[in-house]
Amino acid sequence: MIACSRRLLLLLLLWAAAPGSLLEAQTAGATPSPARRGEVVFRAAGGCGCHTDYERDGPRLAGGKPIKTPFGTFYGTNITPDPEHGLGKWNEADFLRAMTEGQAPDGSHYFPVFPYPSFTRMTRGDLSDLWAYLRTVKPVPRANRPHDVPPPFRWRFGAAVWKALFFRPGPFRPEPGHPAQWSRGAYLVTAVGHCGECHTPRRLSGAPKANMFLAGSLDGPEGQLAPNITPHRATGIGDWSDADLIWFLQTGGYPDGEQAEGLMAEVIEHGYGELGEADLRAILVYLKSLPPIRNRLAK
Amino acid sequence: MKRTSKGIWALSFVLVLGFFLALFFSTPALADNPAGVIAYRQKVMGAKSGHLGAIGQILKHGLSYTGHIEGHAKALVHLAGLLEEVFPEGTGKGKTDALPEIWSDRDGFLKAARKLKSEASNLVKVAGSGDRSAIGAQVKKVGKSCGGCHKNYRQPKKKRYAWKK
């Protein structure tokens, strides 16, 4: 007979191991390499669409993309392995710290326009694989563009204060009692896909309104709104079928024939559109389980 | 009568010339009322999203109507061709989501309209193949050209009067 405490330990070990099992291998056959697995993580993160200046045909992941916020315009950074302007001199620990703690190798704090409040929830395995993938990207010696943000918002000290007030680091923990598919969807949406970073409205402080999760924001990253993607029928996506949702994430096509534009079109084209159907189904199962929130954004 | 007077010839000349001048100068475009043009072109835009949405429904539900896709794509080619005509000067105000750049950056606008026409033409070509995956890939390109034009020449959702959510 296993003692109660040992049973508990076994359960704890299984539970702790669970986040690793959330990583579904999208490639069949022999065990994929970390970089190959990392590419799946990369797609699930929207192809890191904030780091390529698609509109001006900028080189892949070499930065320069303007991201408009109420605090000013930030420019996505060069995340290619270029040693001078990119992440060439970083090691994996640097990358993990940036993604999970919002801190640069030199100790300075990142502005939360870099969505580490979501990425902190990623598993260490996924982050390690993502790092392996990023190392395979072509290095581009393109300097980062300084952010166009007025003081005090451009002071790094402010980012440290913001973090102290609003940032809680820590990985995603699957809630017991939920099926694996739901947990996978919850992980993809809240951690890797970081949908809430654009689709959740924020307070004046820039902190997301927790009770309005995914209910849409007028202040999206291009100064345009990000729609309500809770399953509310009138103001959200409650009237979309499963096929509508999956098709949208694969192609950017709305049920009524409209098409996604701008950054959303880019993260679909370079990211979510490349996900396997199992992952897309997991996302939709999770989204449909959320509380429908009435939030009309139209003028 | 043995001899027609010079006056009758002169009158005849003036009448015939006047007839052709009237024909020449009464081109309908100058007389169109802007609200009507706006309402008409919104129907044209709606027709485009109708056809593209129809193709999307065939593909996303795996319907047996792949034979219909070519016709929808041909309609898209035709409608895209109309774009160049339905944004005349003086139709940028009122119940429209058209941005001023359509007129201030006419070249860019025309380029975007022609891009749609070209991608829709490619869709016509691939539609006959029955290869859902190739058709899907081309539908994505058509969609991208819709979004590419809208991004620069249509009001964002925040200000769009025709977006209801």
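## The surroundings of A:Asn78

In this predicted model, A:Asn78 is in contact with A:Leu61, A:Ala62, A:Gly63, A:His85, A:Gly86, A:Leu87, A:Val140, A:Arg142 and A:Asn144, once its neighbours within four places in sequence are left aside. The residue belongs to the loop between strand 2 (72–75) and helix 3 of chain A, and it counts as buried because its relative accessible area is 2%, where the limit for that word is under 20%.

One of these neighbours also takes part in a polar pairing, for the backbone oxygen of A:Val140 lies 2.8 Å from a polar atom of the side chain of A:Asn78. As a point of orientation elsewhere in the chain, A:Pro208 is 130 residues away from A:Asn78 in sequence and 26 Å away in space, taken from C-alpha to C-alpha.

How many of the 13 residues of helix 7 of chain A are buried? Eleven of them are, and this helix, which spans residues 180–192, is therefore described as mostly covered, buried being under 20% relative accessible area. The buried residues include A:Trp182, A:Arg184, A:Tyr187, A:Leu188 and A:Val192. They pack against helix 2 (34–44), helix 4 (116–119), helix 5 (124–134) and helix 11 (277–289) of chain A.

Helix 5 of chain A has buried residues of its own, namely A:Asp126, A:Leu127, A:Asp129, A:Leu130, A:Trp131, A:Tyr133 and A:Leu134. What covers them includes helix 2, helix 3 (92–101) and helix 7 of chain A.

## Backbone features in the loops

Just after helix 7 of chain A, the backbone at A:His194 takes a positive phi of about 40°, and this is a residue other than glycine. A:His194 sits in the loop between helix 7 and helix 8 of chain A, and it is classed as buried because its relative accessible area is 15%.

A:Asp57 also has a positive phi, near 55°, in a residue other than glycine. Its place is the loop between helix 2 and strand 1 (66–69) of chain A. Is A:Asp57 buried or exposed? With a relative accessibility of 70%, A:Asp57 counts as exposed. A further backbone feature is the peptide bond from A:Pro151 to A:Pro152, which is cis, with omega near 5°; A:Pro152 lies in the loop between helix 5 and helix 6 of chain A.

## A nonpolar patch on the surface

Five side chains, those of A:Trp155, A:Phe157, A:Val161, A:Leu165 and A:Phe166, form a nonpolar patch on the surface of the model, and together they have about 550 Å² of accessible area. A:Val161 is found in helix 6 (residues 156–166) of chain A, and it counts as partly exposed because its relative accessibility is 35%.

## Where chain A meets chain B

The contact between the two chains involves 35 residues of chain A and 27 residues of chain B. The area buried between chain A and chain B is about 2500 Å², of which carbon and sulfur atoms give 51%. On the side of chain A, the residues that lose the most area to chain B are A:Trp247, A:Glu261 and A:Lys299, which together make up 24% of what that side buries.

There are eight salt bridges between chain A and chain B, and one pairs B:Lys151 with A:Glu55, the closest N and O atoms being 3.1 Å apart. Across this interface, 13 residue pairs are in polar contact, both residues being at pLDDT 80 or more. Helix 9 and helix 10 (262–270) of chain A each supply at least two residues of the side that touches chain B, and helix 9 gives the most, with five residues.

## A:Thr235, a buried residue that touches chain B

A:Thr235 lies in the loop between helix 8 (196–199) and helix 9 (242–251) of chain A, and it counts as buried because its relative accessibility is 1%. Residues up to four places away in sequence aside, A:Thr235 touches A:Asn228, A:Ile293, A:Arg294, A:Asn295, A:Arg296 and B:Lys165.

The side chain of A:Thr235 makes a polar contact of 2.8 Å with the side chain of A:His232.

Terms used. Residues numbered from 1 in each chain as written. Chains lettered and ligands numbered in written order. Heavy atoms only, no water. Patch = residues over 30% accessible without salt bridge, like charges linked within 9 Å, V, L, I, M, F, W, Y side chains within 5 Å. Areas by Shrake-Rupley, 256 points an atom, 1.4 Å probe, with all protein chains shown as cover. Salt bridge = Lys/Arg side-chain N within 4 Å of Asp/Glu carboxyl O. Helix = DSSP H or I, 4+ residues; strand = E, 2+ residues; numbered from the N terminus. Buried < 20%, exposed > 50% of the residue type's maximum accessible area, 1.4 Å probe, protein only. Polar contact = N/O pair within 3.5 Å; in protein donor to acceptor, adjacent residues only side chain to side chain. Contact = heavy atoms within 4.5 Å. Buried area = accessible area lost by both parts, 1.4 Å probe.
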